[in-house]
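Dear colleague,

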Amino acid sequence: MSDHVNAFVPTTRQWLVAVICLLVLLGAGLYRTHTVLYDHARSMAEHQLQSVATLRSREIQRWLDDRLVFLSEPPDGVMAQNLTRLLKHRDDASANRALQARFRHVHAAIPEIAAIGLYDLAGHPVLGSKDAHSLSDEHHHLETRHVLEQRRAGLIDFHRLDDATGKVVLDILVPLSAGPEEEEGGTGAMVGYALFEIDPTQVLYPMLSRWPVSSSTAESLLARREGTEVVFLNPLLHQAAPPLSLRLPVDTPGLVLGKVLRGEGEVQTGVDYRGEPVLAVVLRNPDTDWLLIAKMDDSEIYRDARREFLWISVVSLLFLAALLALGRVFVTALRARAREARYRILAESGSDMVWLYELAAQRFTYASPSVERLRGYTVAESLQQTMQEVMTPESYRMVAEELPKWLGSFAAGGASDRTRNYQLTQTCKDGTTIETEVVATLIADAQGRPTHIQGISRDISERKRAENELRKLSLAAEQSPVSIVITNLDAEIEYVNEAFVRATGYSREEAHGQNPRILQSGRTPRASYEEMWANLSQGLPWEGELYNRRKDGSEYVELASITPIRQSDGRITHYLAVKEDITERRRVEAALAESEEKFRTIYDTINDALFIHDAVSGRILDVNAKACQMYGCSREQLLALDVGAFSAGTSEHAMKVALERLQQAHEKGWQAFDWLARDSTGRQFWVAVNLQRLQLGGGQRVLAVVRDIDSRKHAEEDLKRALAEAKALNIKLTEAQSQLLQSEKMASIGQLAAGVAHELNNPIGFVSSNLGTLESYLKDIFAITTAYEAAEVSLGDQCPPLEAVKSLKAQKDFDYLKTDIGQLMAESKDGLARVAKIVRDLKDFSRAGDATFHWADLHQGLESTLNIVWNELKYKCTVKKEYGELPQVWCVPSHINQVFMNLLVNAANAIPVKGEITIRTGRQGEEVFVAVSDTGTGIAPEHLNRVFEPFFTTKPVGQGTGLGLSLAYSIVQKHHGRIDVESEVGKGTTFTIWLPIEAKEAEGAETA
């Protein structure tokens, strides 16, 4: 009962506060979810844009470098010499024809070259293809002067031709100088320049328009700054403006290009040329004024995030609504229980008896404990009695007659007649009766049909006795609520009151003159009568219980009080017997005892240990049988112990802590925690403890409900161990490095293939162009030769055919053809030699399928590796070689070459713009070393000890696997060598490989 009384029931204000807290938590959770989803979407888009921008920037830079290299390298090559010769012999009729032929073959190799022109130092056009254009504006003149001063091929940025088409082109200017064999003194003076017109619609614009994944708004484009404006250089995806036509002020509000130009960073949010909100990554293209923009609309970036957030919000709101509904139901139930508890307290703590009678079953379903005080019956006994047994026959007859009328009136709509008052005489267990005032109320079901009678019975016996005492002076005895019998000294009845009549069933007339033994049932002990007469004969009062029988034969228990009546002179003339029917009281007492026994049975059979503690001292006041079983002690032993005896005794589970927990429960209410307990054998085990304060026996108590959770705790420990084992297994996943080494090798092979393709591209271009020209020349030569053969047959003093041959020789410029054929053949041989060397070095480098140890020259491996990776190095650095004397080393050459390549490529990647790589070799004792140093950005100290870890990389996402140095480290270890690293941020890094000259073959040497 105390649990119900002390149960926390939230008020309306507390409920409102809880709802507001839930709404705040929901709002905070949704805000956090919104932030995480949108940040994730932005991060994914930013990574994609960064990767695309980096890829496009590299592609554009490589495309531009390839065009510059192809059209200008080598500076003293055959193409440059031919163009120089054509420029110097511009007046020859065949010069323009030769240039046209040269253009056709160059255009066949690089289709985006739309025209070619030769210009003198003053910028005047000398020779050119039919589509060549003139450079008339001041900007182009400045660019031309810059190229001639630098003596290096240069780029003239995007510009629109003056013709009606508005065509946009790029120009590559290649300076031409006279070589020693053509200029007296060999001064190599500048004679002019060649202009190659590049059509960006062929390669560059399509390259920009490609996007690697499906997207409706993503776009990459080029722009440059001109004064206070930004000019867009390529066709736009979302606007029909042609290249170079769209210009926007740099200070346009929110323009991402404006933010980048103001130095606010490469990654920006803002608006694009349409004014639409976008996320953009802007990179500056090296050696040009171009800005490469990779952008995507916010609407596409956050589309999935918005959809997910909407679903999460809807589900959260539905969950909140369900939670509030459940909370409302729970609070309603708590309040109902609280009301029931209050009503129960009122019913059980008052002096009045509260009862509930079920009409259908015609039995009592509830009686408050005060029934025992009123009628002598326990609650359990009272619940076993019928309505007839509870009251005297007169009262019962009155109720039996009145009840149907009352129910009928109520059923007929007399709702106001729900409650009635009665005065009833109730029987007690001792055979006496009590006068009670009863307030009865009908309880109806949902259909309005009466199902129960709720009553409150108040003992008005004292009041009745007082009234009877007064009436005795004026016939008060008639109103006595108890049976009053006055007998003479011979035990003859002289007076009975109405209560006697009701209690016994005998009328006054029948009782007068009779001895009270007419009521004897034979069940009253003889000793009681002997004691009664012994007291009366001595003039002493007697009080006791009598088991009597009514006139109708029914038995009842009376509590009789018999007192001698003395006259004023002290004589005893009569005996006054006041008797109370306590039959019902005894029945109620019996019922109460039965109820207590049921409670004790439940208390002792519940599966959790129960302790009742004094809230102040912590002393144990009561325990149940489960507690005795759990701790291996008897009830008496447990009551004699303190809470420290049940605890493990550790610092966290000591008696002091246990008493603090009890005090917290007493002060704050419900407490729940896990506790390490100890039984009588010393075994320690885990229990779950719930503490609840309650009011019991007039004092403050704490109820402890203890449940054995030792098996659950052990299961949790097993789970923790399983998680630890899982973490250990995760560590072993690093062994997957060996499975990824093949992926790194494939990446290396792809890099080699790219290098080979790039290096083969230029020589093959030479050969293709020159052989085409050679074919045309040879046809002319064969025609001349045929003419000579015909002339020789008819040779004479006057030989017209010979004159025709001479004319043909002049027409075909035979002397020039012989010279040009030799130069073309030299150029072709040079290109083919370069191809042969690259293929030879590639073969030496890779040695496909050869993973066996043998003696190898490390210098030869370095040279072949340098030739393979030269495409990665030549644009960013110069290579300085400081070779020492090295003996041949016992190793797997292809694997060692793999190490060289990884170190050289890493060194080039560490150099941001231009720098130097130094390769040093030497011998110390029985070891050789190869050191690769760069002048790059260096490695931060906190990263030095991690550079050889698999998958560790400081490169941006998508630009490194983190396996290059790990693979190199593994290969060197397989050769019983080591790699040292030294680095200083901002100054560069040196990796030094140490290898034994003669090492034993390691198991699994095939590491790459």
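Tyr193 is buried, with a relative accessible area of 2%, where buried means under 20% relative accessible area, exposed over 50% and partly exposed in between, using a 1.4 Å probe and protein chains only. Please note that this is a predicted model, in which local features need pLDDT of at least 70 and side-chain atom pairs count only at pLDDT 80 or more, while totals for chains, interfaces and linings use all residues. Residues are numbered from 1 along each chain as its sequence is written, and side-chain values use heavy atoms, with hydrogens and water left out.

The structure holds 14 aromatic pairs; rings of Phe, Tyr and Trp (its six-membered ring) pair if their centres lie within 6.5 Å, and planes under 30 degrees apart count as stacked, over 60 as edge-to-face and the rest as tilted. The rings of Tyr119 and Tyr193 have centres 5.2 Å apart and planes at 10°, so this pair is stacked. The pair links distant parts of the chain, with Tyr119 in strand β1 (residues 113-120) and Tyr193 in strand β5 (residues 190-198), 74 residues apart; strands (E, at least two residues) are DSSP runs, numbered from the N terminus. Tyr119 is likewise buried, at a relative accessible area of 2%.

Phe232 and Tyr273 form an edge-to-face pair, 5.7 Å centre to centre with 70° between the planes. Phe232 is buried at 3% relative accessibility, and Tyr273 is buried at 9%. Ring pairs also link Phe158, Tyr205 and Trp290 into a cluster.

Terms used
Helices (H or I, at least four residues) and strands (E, at least two) are DSSP runs, numbered from the N terminus.
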